[in-house]
Amino acid sequence: MSFMKKSPWVIHYDGSSCNGCDIEVLACLTPLYDIERFGIVNTGNPKHADIFLVTGAVNAQNVPVVRQIYSQMPEPKVVVAVGACAASGGVFHDCYNIIGGVDKAIPVDVYVPGCAARPQAIIDGVVQGLAVLEAKRKLLAEGKLEELEQKDQLPPLPPQTHVKEDQA
Amino acid sequence: MSSQDLVTIKPENRPTDLLQEVENLKFQGYRFVQICCTRVPEGFELTYSFDKNYELKNLRFTLADGEGITSITSLYLPAFVCENEIHDLFGVPINHIAKGVDFGGKFFRLAEKTPWHDLPKGGAH
Amino acid sequence: MGKHTVVPFGPQHPVLPEPIHLDLELDDEKVVRAIPSIGYIHRGLEKLVEKREFKEYVFIAERICGICAFGHGWGYCKSVEGLMNIEIPLRAKYLRTIWHELSRIHSHLLWLGLMADGMGFESLFMHSWRLREKVLDIFEKTTGGRVIFSACKIGGVRRDIEDSELHGIAEILRGMRDEVREITDIFFKEPTSVSRLKDVGILSKEAAVATCAVGPMVRASGIPLDYRVADTSGVYRELNFTPVTTDTCDCYGRCWVRVQEIFASLDMICQAIEKIPAGDIAVPVKGNPNGEYFARLEQPRGEAFYYVKGNNTTHLTRFRVRTPTNMNLPAMVEALKGCDYADVPMIVLTIDPCISCTER
């Protein structure tokens with residue numbers, strides 16, 4: 001399964017961001033930075049993805065969505081939080097509707113700072129995530145499922161989350 | 001460029017005056033621009049803005065806390081975006097929003113209800 | 001009687017760069033009604049005026065949206081300058097106009113790429129974003145940032161651009177004109193892309209007026225509404241500017257309007273570079289904002305409205321932004337009625353949705 005390290009597929013989701021980091025994530029796919037030459041493909045389907053790129057300081061309505069996308073991804077999986085907002089809430093950390101960073105909703109493996117994070121930094125973050133992905137793949141291959149599940153366990157639901165009736 | 005053309009509607013003449021003024025503006029060909037709500041010590045200050053030939057005309061009045069206002073979606077349907085937002089963020093009751101665009105308080109699903117309802121702390125006023 | 005289904009679209013979807021949810025009521029393959037559900041990006045940043053001083057707030061205002069970042073920074077600064085009666089130097093006005101028109105070019109090229117990607121035309125997506133990188137290089141050289149560059153401040157701009165550099169920029173833009181024409185010609189003549197755009201998402205002139213749409217959405221329905229005609233805070237009066245309109249009222253028309261605006265902006269920037277005077281780039285700001293002021297700006301997506309209110313302290317009491325997508329959402333819901341299910345991504349992308357602007 002080492003093709004996963006050579007050619008991970010990414011899924012990107014905007015978790016209440018201003019869009020700056022999202023367009024820089026998309027800029028990574030375009031000819032100047034071109035991560036597709038490494039075999040990295042942007043997919044829209046969480047079940048096909050290895051790496052989850054999240055941007056934005058997540059707001060109350062977005063928490064269940066981010067958690068659902070994360071839960072749909074098969075093991076092994078890595079989460080890369082792109083941007084200052086995803087790391088800690090950024091300039092919006094004291095807004096009433098913001099939970100303060102992606103790691104309050106799902107476990108994060110790599111943080112990429114910047115506002116907006118530059119494509120070079122995002123690619124660097126993805127490459128660092130590959131090492132984590134490889135370590136998790138080894139755990140899976142050795143059958144250490146409990147250890148893997150503990151690493152990837154969802155944190156408790158933040159208190160400000162707005163959960164729709166059918167997701168409660 | 002700004003037009004500070006503000007028409008203030010007196011308290012005793014709402015809601016009929018608001019709808020009358022908005023209807024006049026509609027027949028004169030004004031385009032709806034926005035509705036702004038500001039929390040003031042007396043209650044909520046509402047400003048409705050309309051535009052024709054790049055000149056703004058604004059209607060202004062103040063509502064007491066708990067007082068409601070009639071929706072203008074019967075005349076300008078796109079106002080539902082601003083009206084639902086004001087209802088959800090400030091808690092101002094807006095009556096008779098057109099069928100199909102009344103989100104009943106669920107336009108924004110927030111962590112806390114009506115976060116802008118109370119006066120700001122820390123003496124910003 | 002067809003089969004009635006309700007299909008959820010979003011918030012996570014391959015064609016959507018931002019989360020928005022639509023409940024599409026379908027009768028077989030035709031969309032009968034679309035009910036939008038927003039709120040996934042609402043940060044409540046307008047309330048941050050209570051916590052940030054008015055001079056610092058410009059950094060928050062810029063981060064309303066990463067694509068229209070400069071526009072929001074300018075809109076905030078111009079509304080506070082109007083409130084405090086600050087007259088900024090002419091060179092600062094020229095610089096702001098140049099940066100804003102560059103923003104318009106980058107935003108339209110970005111949108112063109114997303115539109116092509118939504119259609120499946122990936123190579124056009126790659127080419128238009130490749131061209132866009134030239135504009136981002138100009139931003140990085142002149143301000144240090146690629147998307148959010150904090151060039152505006154109250155009283156003027158933060159950085160100057162040397163005249164020699166300005167001439168270099170004009171050369172780059174003249175070179176870009178042919179490349180943009182090459183890729184957009186393919187877009188408008190290629191039979192598959194034309195068939196996905198022509199007569200799709202019709203918004204008649206009467207519907208455009210009734211839904212109070214703004215920007216290219218309404219200019220493609222034959223209404224020449226463009227705030228740059230009346231804007232005195234930039235230097236549009238000194239540059240040859242006329243609103244670009246067409247009357248096809250469909251997705252093809254909206255694409256055409258945006259592409260023509262790219263060419264118009266390229267021309268305007270070259271003209272501005274020739275006419276820019278020497279001088280200061282900012283004036284000092286004394287005192288605190290007191291009173292209220294309304295300001296408007298023509299952003300790439302349409303007219304944006306700004307309202308500020310101050311009470312003679314260092315914190316504003318209210319800052320309100322009404323962004324163009326806020327007005328175009330009802331127009332989008334109207335254009336979705338009666339369309340085919342497969343055309344939904346095209347129509348959603350054709351309003352150039354900037355949901356982070358709408359929800360703030």
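The model is predicted. Its largest nonpolar core holds 184 residues, and another core, lying apart from it, has 39 residues. In chain C, helices H3(C) and H4(C) pack with their axes 8 Å apart, while Val157(C) is buried at 0% relative accessibility.

**Nonpolar cores**

- Within the largest nonpolar core, the residues that touch the most other members are Phe52(A), Phe32(B), Tyr48(B), Phe50(B), Tyr76(C) and Trp99(C).
- Helix H3 of chain C, which spans residues 90-119, supplies the largest share of this core, namely 13 residues.
- In soluble globular proteins, nonpolar side chains tend to be buried together.

**Surroundings of Phe32(B)**

- When neighbours within four places in sequence are left aside, Phe32(B) is in contact, in chain B, with Ser49(B), Phe50(B), Ile72(B), Tyr76(B), Pro78(B), Ala79(B) and Cys82(B).

**The H3(C)–H4(C) pair**

- Helix H4 of chain C covers residues 122-143, and the angle at which H3(C) and H4(C) pack is about 160°.
- Because angles over 145 degrees count as roughly antiparallel, H3(C) and H4(C) are roughly antiparallel to each other.
- The crossing of these two helices, H3(C) and H4(C), is left-handed.
- Sorted by class, the residues in the contact of H3(C) with H4(C) are 16 nonpolar, six polar and three charged.

**Val157(C)**

- Val157(C) is placed in strand S5 of chain C, a strand made up of residues 156-157.
- Val157(C) counts as buried because its relative accessibility is 0%, and buried means under 20%.
- Beyond its neighbours within four places in sequence, Val157(C) is in contact with Ala92(C), Leu95(C), Arg96(C), Trp99(C), Ala151(C), Cys152(C), Ile281(C) and Ala282(C).
- One of these contacts, Trp99(C), is also named among the residues that touch the most other members of the largest nonpolar core.
- Between Val157(C) and Gly145(C), which lie 12 residues apart along the chain, the C-alpha atoms are separated by 15 Å.

**Chain B as a whole**

- Chain B contains two helices and six strands, and these follow the pattern β-α-β-β-β-β-α-β when read along the sequence.
- Of the 125 residues in chain B, 53% count as buried.
- Among the contacts in chain B between residues at least 6 apart in sequence, 52% join residues at least 24 apart.

Conventions
Residues numbered from 1 in each chain as written. Chains lettered and ligands numbered in written order. Predicted model: local features only at pLDDT ≥ 70, side-chain atom pairs only at ≥ 80, totals over all residues. Heavy atoms only, no water. Core = buried A, V, L, I, M, F, W, Y, C linked by side-chain atoms within 4.5 Å. Buried < 20%, exposed > 50% of the residue type's maximum accessible area, 1.4 Å probe, protein only. Helix = DSSP H or I, 4+ residues; strand = E, 2+ residues; numbered from the N terminus. Contact = heavy atoms within 4.5 Å. Axes fitted to C-alpha atoms, helices over the stretch in contact; angles between N-to-C directions. Parallel < 35°, antiparallel > 145°, perpendicular 65-115°, else oblique. Left-handed = near helix turned anticlockwise from the far one by under 90°. Nonpolar A, V, L, I, M, F, W, Y, C, P; charged D, E, K, R; others polar.
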